[in-house]
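Here is a short walk through some aromatic contacts and annotated spans. Please keep the model open while you read.

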Amino acid sequence: MLLLQTNEISKSFVTDLVLSNISIEVKLGERVALVGRNGAGKSTLLKIIAGELSADSGEVIMPKNRTMGYLPQNATLDSKRGIYAELLSVFSPLIALEKKMRMMEEQMADPGSFSSPKDYDQLLKNYDNLQADFRAQGGFTYQAETRSVLNGLNFGGFPDETPVSNLSGGQKTQLALGKLLLIKPDLLILDEPTNHLDIDTLSWLEGYLQRYSGSVLVVSHDRYFLDKIATKVYEVASHKVRKYTGNYSRYLELRAAEYESELKTYDKQQKEITKLKDFVQKNIVRASTTKRAQSRRKQLEKMDLVNKPLGDEKSATFSFTIEQQSGRDVLSVADLSVGYTHQSPMISELTFHISRGDRVALVGPNGIGKSTLLKAIAGGTTRQDGEVVLGSHVSLGYYDQEQKSLNPVNTVLDELWNDYPLKPENDIRTVLGGFLFSGDDVSKVVSQLSGGEKARLMLAKLMMRHDNLLILDEPTNHLDLDSKEVLEGALIDYPGTILFVSHDRYFINNIASRVFELTREGITEYLGDYDYYIDKKTEQEQIAELEAQPAAPQKQESTIGEGKDQFLKDKEQKKKKRQLIRFIEQSEADISTLEEKIDKNQQSLLLPDVFNDTKKAKEVQAEIEHDQLQLSELMEKWESAQMELDAFEN
């Protein structure tokens, strides 16, 4: 059943076109993602659908008997209630119904009601009808649902009477999301709902939306989240939309294949056009070939031109390099307590060590003290006790998620140039261009920049420092999907050491080689990426459950022990299988790179400047033979790993 349809929505702001003839559909039960770069118009489209903004043309169609709920970015609540009462307000009609039932129950218990059997029977009948309505509307579960949402959104540890007005901006947005989930509209419209959520809350929200009986239309830059919930993706780019079926990863595959196909068609037509134009130009003036030239000209005029496919839009281009290599020991923390002045420590007695080349992700619930810990390491302002020791030749660069290091009155150009006044202006402009600041963009005042622009400017400043230890606090916040991928690539190639906080699980998987989980008890270390960390935690919890089973006769204890051994054996098998899959994927990428390199070198042997130069030709041939030998070895390892994986699956 079609729940939402937009027909050729267009929107401009003054002279800037944002959306042009946008048509999308959302069916009942679908979970649809809108993706695209910052500024593409995703939030504008959501506002038009939700009725918060009018379109210049086009229409939004939705059945009259269906409901819609909209959560904008940075939604807030202005309320004098406590957090529990605020969520319960969603059920005001149900609570009124419940009060009426209680009054009827008191009336039924009153001996005076028995004086008129007819009236009493009518009272019982009315009560039964009311109770049926109450049950049908969720009257016996609404309090449990409210409590579940409070716990899921990380308010479980808050007293019920905590005033909404005392919450932070991010917490108010979370509570607004909770109200919307409890209302259960037929269509949920969510604009960046994953902002301000920690990893546990993100996982809970994913599960909730996967089970949601209505439809979801969501904008998010969290790729892991989109992979979990999306069943259809609309890409917003160059004022238009394209539809892709599947989750985010599937969208990337389809878009890449589509782009390659369209680019081949475009290139083929361009070659044909060039050929026809050359023929016309050479033959139009010759009497003997004029007719044929005119025929080619008409062919050109009638040709349906293929537009160059989207996908070559400019992306940020940057890399992080180091001035000098650090010693082996990069960071040592001993008995560290962190917190703020005149307050008790947020967390105490932290001890850990980071070596050169480590990529450490610091994870934990919101409010546990992750950012406070990074500040204690980077500047010492939140260090209350204990030691933080940097190793030899360590230079530290810090990315602050609050973006306080930016001067709001500076222009973009001055913000960077003031730090490096001896560099030529053209060099500074070149760096800024790599972060998508070009032309008049460099004259913008920092205070007028969007969150994404400020993030790119801070990354530009960090890149210029050439530090060998990067401390990054939520570096992907405010970045669109494309910029996140560029940042990931830069950090993957970075030769230094990284300690970072992020709620982006996809980002953690791509960057981290170790995970530090921060709890009130301290830090627990996991050697691996985010998926490994989750698997290991699940394994530990399951083992703990097995060991916590009550004592039983010897035979049962033996069974439990055998169950535990089998569980550990299965986990080891799964771990080995996962390692095989990763090895195969990496091998396939290496094989592809080598094949391209060999092919390129073989083609170069045909070039005059190579085959006419005997020495150069020998060098190229030697490189080809070396790569072919390496390719052969890689292929053997790949085949062996593939056979081993096939054995696992069979």
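## A stacked pair and its burial

F318 counts as buried, at 13% relative accessibility, and F435 is buried too, at 1%. Here buried means under 20% relative accessible area, exposed means over 50%, and partly exposed lies in between, using a 1.4 Å probe and protein chains only. The model is a predicted one, in which local features need pLDDT of at least 70 and side-chain atom pairs count only at pLDDT 80 or more, while totals for chains, interfaces and linings use all residues. Residues are numbered from 1 along each chain as its sequence is written, and side-chain values use heavy atoms, with hydrogens and water left out.

F318 and F435 form a stacked aromatic pair, 4.4 Å centre to centre with 15° between the planes. Rings of Phe, Tyr and Trp (its six-membered ring) pair if their centres lie within 6.5 Å; planes under 30 degrees apart are stacked, over 60 edge-to-face, and the rest tilted. F318 sits in the loop between helix 10 (290-302) and strand 11 (329-338), and F435 in the loop between helix 13 (425-434) and helix 14 (451-465), so the pair ties together parts that are 117 residues apart in sequence. Helices (H or I, at least four residues) and strands (E, at least two) are DSSP runs, numbered from the N terminus.

## Other aromatic contacts

How many aromatic pairs does the structure hold? There are 15. One of them joins F155 and F158: the ring centres are 5.3 Å apart and the planes are at 70°, so this pair is edge-to-face. F155 is buried, with a relative accessible area of 3%, whereas F158 is partly exposed at 27%. Elsewhere, Y224, Y526, Y530 and Y533 form one aromatic cluster.

Two arginines also meet rings. R147 lies over the face of Y84, 4.2 Å from the ring centre, and the charged end of R456 sits over the ring of F437, 5.1 Å from its centre. A charge sits over a ring if NZ of Lys or CZ of Arg is within 6 Å of the ring centre and within 35 degrees of the ring normal.

## Annotated spans

In an unreviewed entry, UniProt lists residues 4-263 and 331-546 as "domain: ABC transporter". UniProt positions are in the numbering used here, feature names are shortened, and annotations may be inferred rather than shown by experiment. Residues 4-263 are 44% helix and 22% strand, with end C-alpha atoms 33 Å apart. For residues 331-546 the figures are 36% helix, 25% strand and 38 Å.

The unreviewed UniProt entry also annotates residues 577-637 as "coiled-coil region". This span is 92% helix and 0% strand, and its end C-alpha atoms lie 15 Å apart.
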